Amino acid sequence: MSERLKLDRRRFFQLTGGGIAIFVGLGPSACFSQESRGGYPEDLNAYLLIGKDGRVTVFSGKIEMGQGVLTSQAQMVAEELGVSLDAIDMVLGDTDRCPYDRGTFGSLTTRQFGPALRAAAAEARLVLLGLAAAKLGVARDRLTVDNGVVTAPGSSRRVTYAELADGKRIARLVGEKAVLRAASDFRVMGKSPRRIDGADKVTGRAQYAADIRPAGMLYARILRPPAHGATLKSLDAAAAEKRPGVTVVRRDDLVAVLHADPEAAAAALDLLKPDWTTPPPGPDDETIFEHLVKAGGAPEEKASRGDLAAGRARAAHVTRTAYRKGYVAHAPIEPHAAVAEPKDGRITVWASTQTPFPTRDRIAQAVGLAAKDVRVIVPYVGGGFGGKSADLQAIEAARLAKISGKPVQVAWTRAEEFFFDRFDPAAVVEIESGTDAGGRIVFYDATVHAAGERGATPPYDIPNLRLRSTGRMSYGDGGSSVHPFAVGPWRAPGANMNAFAIESHIDAMAAAAGIDPLEFRLRNTTEPRLRAVLEAAAAAFGWKPGVGPSGQGRAVACSTDAGSYDALMAQVRVDRSDGTVHVERIVAAQDMGTVVNPDGAKMQMEGSITMALGYTFSEELRFRGGDILDRNFKTYRLPRFSRVPAIETVIVRNDALAPQGGGEPAICPTGAVIANAVFDATGARALRLPLTPERVKEALAAAAPLRAAG
Amino acid sequence: MANTVRFRLNGKPVTAPADGDRLLLWALRTDFGLTGAKYGCGIGECGACTVLVDGQATLGCQTPLSQLEGREVVTIEGLAPAGRLHPVQEAFVAHGALQCGYCTPGMILTACALLSRDAKPSREAIVKAMDGNLCRCGAHRRIVAAIEEASGTAAPPAARKGAGTP
Ligand code: FES
Ligand code: FES
C-alpha cells in the first residue's frame, strides 16, 4: 500500500464507518478530492465497500437511463465477489459519494468500465479469502465462497463476509493480478435476473429529476428566443411582475419567472412582452444538403489503403450514389429537468444528465462556487440516448437558486426540449465503388459530409479504399459550424447515417453484379464475427437466395459498432398506391462478446431497432435557419405501437471476447435493411432518410418496372 | 374557496382549489405530491400523464380539475396496496417491459383501463389501445407481451423460450 493511500484511509473510514474498500483507478484521496476532473488516461473510477453487515455497496459515477447498467453492474460485482445479487446496493451518479467519472455514453459502461469493476470485486474476494484463511486456519486456495459464506471443503468450518468485514479498515487499490471468472463458471453473469429498478418503475416510486420537491421550491419558466441566433432588444415585464407570487429574474442572458405553482409560473411567462432581433435567414430542411456540402470545405482524408486508380481499372461495375438524411431529435419522453437547492453555502442539484461530474464543474463555474461546493445527484433518467450531456437546464436551475436563495425547479417543456436539443446531424454521404467480374469489391471511395467518420469504413475486405470527411464534426462540443444549430451525439453518433449509406450501397452493388445480397456480403468479408452474425441471421430468418430486386421484399444489412457485430434481416410490404412501407418482421443477430445479461442485451437490441424505425420512416426535423418548426410530437412523429413489427433477436455467443457495447450497435443497420427491403420488393431505391410515403412514391416512379420475381 | 373540487383520489376523499383552468396533472404533482404521472408533451400526444378517472384512461395534462367533482381518480401510486403489485405491474416487471421507466406509469394505467373493459383483448386491440402512449426506449413488444400475460391470453415469460422476447 502506498503512503498516500495510508494517509487517506483514516478520513475515508471516518466517512464510511469501516469495512473493506477496493478502489478502481484512483485511491480514496483522488476519488474524494472534489477538484478532481478529467485528464486521467483512463476513465475507470469506482469503488466498492463491504460493510460489517456483509452488504456490498458499489459507488460509481455511471448513471441509469434505461440501459440497465444498474442491474448489469451489480451482476458483475456479485459474480466476482461470490455474493447474491440482492446483497448489492448501487449508488450511482452522486458527485459527493461517487468517484469522478466522465459520463455515461458510447456504450462504454460494460465494455471499458465493466472489466475494471469486475477486477475490483475479484480483488475484494482475494482479500476476504485471505482474512478467512487466517481465521479458519486453512490455506486460502482451499477455500470456496458462495453467497458471501466462506467454507473449507471437507470441514464444517465457515465464516461469513459480514464477520470478516466487521471491525476492519482495509483499503486497497485494485491490483493487476485479479483473475476474472471464466464465462463457463458464471453463476450471476450470463443470466437474466429481473431488473433491479423494475419494482420502483412500475409503482411510481422511481424518482426523476422533476419529481424531487424540496420544501419551499419555486417553479421557473424561462424566456426563450423565437429562433437560434435571435437576441433580446427590450423587455416589458410589468404585467408579469404585478401578478401575486411572481418573481421576475433578469440577469444577463437569463430572463425567468418564478412561482410556487408551475401553472402560475407558465401563465406569468406569457405576460412577458419581449422584443427580439431576428437572425438572417439560413438554410432550411430542403436546402441544408447543398449548404453542408458547400460549407464543409475541402475534404480531409481519414483513411486510405491500396491504389484507387488500380482498383477502378479492374472494375466491371461501378456504382456511384449520394445518400442524405435530415436532423433527428433525441426526444426522450422525460424532458431535461433539474432542481437546485442552495443550503449552507453549497448548492445541491438533482439533474437528468448523463454526465454528473462535468455538469457539476460547469455549474460551479456558472455560479462562482468551488466544485466541492456543488453536489450533483442524478436520480433515474427518463432516457438519454446521448442527448443529456449539455445540461443547460441544470445550470439554469443553479443560477436561479443562487439568485433567489430558494430551491428552484427548471423542467423544460417539450417545445424547449426540441429547441435546445443537440440533434443528430443532417448529412450527405457520397460513395463511388466498383466490383470485378467475380463480384469482389475492388475499390471504394467515400466522402462523408457533416456527420463524422464513426462507422464510415465498410467492414469488408476492400483492397483499395479512400475515406474522406468534411465539416470537421466533433460530437463533444456542439458539433460543427456548418450546422445552423448545435448538434451532438445521438445513439451511435454518425454511425446510423454511415451504415445507411454503406449498406444501401453494398446492396446496390450486389444487384448491379447480379449476386444475392447475402452471398455478396459473405464473398467480400473474411471477418469471422461478421460472417457468423450474417449466417445466424439468415438461419433465423429463413433466407431464400435471390438477386435483388427479387420481389420478396426481404433484405439484409450489417455493421460493426462499439466492438459488436450486427446483421439484420427485414421483411416488408410496400403499398404502391400511397407509398407506405409495412415492416412485417425484423431478425437481428448480434455478437457482443461475453454477454453479462442476455435478456438485458436483447432488450437493448429491440429498443435500438424500434427507435431506428423513427429515423427510418418519420423523424426529420423541419426548420428555417435557426427557427425550429417541429416543437412537439404532433408534427415530429416517433414510432408508435402500431408501427412496431415482430422483432426476433439472436445473440451469437462469443465468450472468448470480453463484453462489448450493447446499447447502440443494433440501431445502425436498421435504416439500411428497411431501405434495402423496399428495393427488393419494388426495385425502387430511396436515397434519403426518412423514407416518407412521398419519397417512396417518387422512388417508385423513377424505378424500372420490376421483372418477374425470380 | 369559491372554486373547490371534491373527488376521491386513490380511495380517499380530497378537495383541491380548482380556479381557472388548473389541470389534473399539475394538481397531482404539486398539491398531492403524487409524481408518478409524468409530463411528456402537454398536448395529449404521449400518454405519460395518464391516470384513471372512473376507471377510464385519462390524460392528466388535458383534464381540467373542475371536471372532477364527485369522480374517482386512481394514479399509479394507488393501483395496488402498498407492498403489493397489480397483475399488470407484475407482468411488466416479469417481461422487462420497461427501460428508463418514464412512460411506464402511463402505459400500465392505459393497459389497466383496457383490461377492465375487455378482459381478453386481441393483440390488435392491445396495440390500438396503447397507440397513444409513446415509449422512446422501444419497450413496445414487451409491453404488448406483458399485457397479454396479465390478461391470461399468453404464458409468463419464463414458460416460454427466449425469456421474455415476444
Ligand atoms: S403529457 Fe399528457 S399526453 Fe403527453
Ligand atoms: S421505457 Fe423509456 S420511454 Fe418507455
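In what order do the elements of chain B run from the N terminus on? In this predicted model, where local features need pLDDT of at least 70, side-chain atom pairs count only at pLDDT 80 or more and totals for chains, interfaces and linings use all residues, the order is β-β-α-β-β-β-α-α-α-α. Residues are numbered from 1 along each chain as its sequence is written, chains are lettered from A and ligands numbered from 1 in the order in which they are written, and side-chain values use heavy atoms, with hydrogens and water left out.

Chain B thus has five helices and five strands; helices (H or I, at least four residues) and strands (E, at least two) are DSSP runs numbered from the N terminus. The radius of gyration of chain B is 16 Å, close to the 15 Å that the globule rule gives for 166 residues, so chain B is as compact as a globular protein of that length. Here the radius is taken over C-alpha atoms, and the globule rule is 2.2 Å times the number of residues to the power 0.38. Along the principal axes, the C-alpha atoms of chain B fill a box of roughly 60 × 30 × 25 Å.

The domain assignment, which is automatic or from a database, divides chain B into domain 1 (4-78) and domain 2 (87-162). The centres of domain 1 and domain 2 of chain B, taken over C-alpha atoms, are 22 Å apart. In this chain, 16 residues of domain 1 are in contact (heavy atoms within 4.5 Å) with twelve residues of domain 2. Among contacts in chain B between residues at least 6 apart in sequence, 55% join residues at least 24 apart.

How much of chain B counts as buried? The share is 56% of its 166 residues, where buried means under 20% relative accessible area, exposed over 50% and partly exposed in between, with a 1.4 Å probe and protein chains only. Accessible areas come from the Shrake-Rupley method with a 1.4 Å probe, and for residues only the protein chains shown count as cover.

Leu79(B) is placed in the loop between strand S5 (72-74) and helix H2 (87-95) of chain B, and counts as buried because its relative accessibility is 15%. Not counting residues up to four places away in sequence, Leu79(B) touches Val74(B), His86(B), Gln89(B), Ile108(B), Leu109(B) and Cys112(B).

Chain A comes next. Its secondary structure comes to 19 helices and 29 strands. With a radius of gyration of 28 Å, close to the 27 Å that the globule rule gives for 710 residues, chain A is as compact as a globular protein of that length. The C-alpha trace of chain A spans about 80 × 80 × 45 Å along its principal axes. Of the 710 residues of chain A, 62% count as buried, and its accessible surface is about 25800 Å², of which 51% belongs to carbon and sulfur atoms. Among contacts in chain A between residues at least 6 apart in sequence, 75% join residues at least 24 apart.

How many aromatic pairs does the structure hold over all chains? There are 16. Rings of Phe, Tyr and Trp (its six-membered ring) pair if their centres lie within 6.5 Å; planes under 30 degrees apart count as stacked, over 60 as edge-to-face and the rest as tilted. Among these pairs is the edge-to-face one of Tyr323(A) and Phe500(A), at 5.9 Å centre to centre and with 85° between the planes. This pair links distant parts of the chain, since Tyr323(A) is in strand S15 (residues 317-325) and Phe500(A) in helix H14 (residues 495-513) of chain A, 177 residues apart. Tyr323(A) counts as buried because its relative accessibility is 0%, and Phe500(A) is buried too, with a relative accessible area of 0%.

Phe418(A) and Phe633(A) also form an edge-to-face pair, 6.0 Å centre to centre and with 70° between the planes. Here again distant parts of the chain are linked: Phe418(A) is in helix H13 (residues 414-419), while Phe633(A) is in the loop between strand S27 (627-628) and strand S28 (646-651) of chain A, 215 residues apart. Phe418(A) counts as buried at 2% relative accessibility, as does Phe633(A) with a relative accessible area of 1%. Elsewhere, ring pairs link Tyr327(A), Phe423(A), Phe485(A) and Phe623(A) into a cluster.

A charge sits over a ring if NZ of Lys or CZ of Arg is within 6 Å of the ring centre and within 35 degrees of the ring normal. The charged end of Arg324(A) sits over the ring of Phe289(A), 5.1 Å from its centre, and Arg554(A) lies over the face of Trp543(A), at 3.8 Å from the ring centre.

Not counting residues up to four places away in sequence, Glu503(A) touches Tyr460(A), Arg521(A), Ala557(A), Cys558(A), Ala672(A) and Asn676(A).
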